Amino acid sequence: MRVADADILFIPGLNDSGPEHWQTRWQTKLSTARRVAQKDWRRPCRCDWEANIVSAIDESIRPVVIVAHSLGVIASLCALSARGEKVVGAFLVAPPSASVIQEIPVIDRDFLPIPRHHLTCPAIMVGSCNDPYADYQFTKDLAEDLGAKFIDAGAAGHINVESGHGPWPEGLLAFAHFIAKL
C-alpha cells in the first residue's frame, strides 16, 4: 500500500505531541495524515478519547492506518475493539504500562485494564529497554498478546523529544516498510 492509499491517523498521548515530536514531523510530511484531536490533552478521559478515535475512523474515506504513541496506543486499542474492521494497520509506539497509568493521577482509570485482544489488522509495536513509562517485558508481552510484530528500539527512552527522538528517522523507515507491506 502507498501512503496516498490510506487515511493515516496520528494518535498522540498525554499532553499531545509538540512541534518537534516525531509524530508532528511525520504528519506534516504525509499528505493523507491527520491528527485525532482530543478535547482535553492534559486530563485524558477514556470515553472521550476512544469516541474521538472512532469518529475519525468513521469519517475516513480510505483504509485507515493508525500511528499511536504512549497513552494514544491504549486509547487506540480501545477504539479498535469498536472499529477494527476499517483499520488496515497499526503502528504502535511506547505504550505505558498499567502501573504507570495508575501512578499518574490525571489519567482516567478507565484506560485500565489495557486491552489485550488479538488485533484484526497487521500491527507493529515499538518498545525501548529503558522507557521510564513501561517495563520492556510488558511491551513485548503486549505485542505478543495483540499479535503485533515487536521492534526493539534499544535504549531509546520513551521515544519522544525528551529522549532525543524528534525526527526519529529509524522509526519513519520502519513505518515506510510496514505500510508498503499492507
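**Cysteines and pockets**

At 8% relative accessibility, Cys 121 is classed as buried in this predicted model. The cysteine sulfur closest to that of Cys 121 belongs to Cys 78 and lies 15 Å away, which is too far for a bond. A disulfide requires two cysteine sulfur atoms within 2.5 Å. The structure as a whole holds 0 disulfides. Cys 45 is likewise in no disulfide, its nearest cysteine sulfur being that of Cys 47 at 5.1 Å. Cys 45 has a relative accessibility of 27% and therefore counts as partly exposed.

The lining of the largest pocket comprises 10 nonpolar, 9 polar and 3 charged residues.

The volume of the second largest pocket is about 160 Å³. The residues that line the second largest pocket are Pro 122, Ala 123, Ile 124, Lys 149, Ile 151, Ala 174, His 177, Phe 178, Lys 181 and Leu 182. Two or more lining residues are contributed by each of strand E5 (123–127), strand E6 (149–152) and helix H6 (169–180). H6 supplies the largest share of this lining, with 3 residues. Sorted by class, the lining of the second largest pocket consists of 7 nonpolar, 1 polar and 2 charged residues.

Notes
Residues are numbered from 1 along each chain as its sequence is written. This is a predicted model: local features need pLDDT of at least 70, side-chain atom pairs count only at pLDDT 80 or more; totals for chains, interfaces and linings use all residues. Side-chain values use heavy atoms; hydrogens and water are left out. Buried means under 20% relative accessible area, exposed over 50%, partly exposed in between (1.4 Å probe, protein chains only). Ala, Val, Leu, Ile, Met, Phe, Trp, Tyr, Cys and Pro count as nonpolar, Asp, Glu, Lys and Arg as charged, and the others, Gly among them, as polar. On a 1 Å grid over the protein atoms alone, a cavity is a set of points where a 1.4 Å probe fits but cannot get out, and a pocket is an open set with protein on both sides within 12 Å along at least five of seven lines; lining residues have an atom within 4 Å of a point. Grid points are joined across faces, edges and corners, and a volume is the space filled by probe spheres set on the points. Helices (H or I, at least four residues) and strands (E, at least two) are DSSP runs, numbered from the N terminus.
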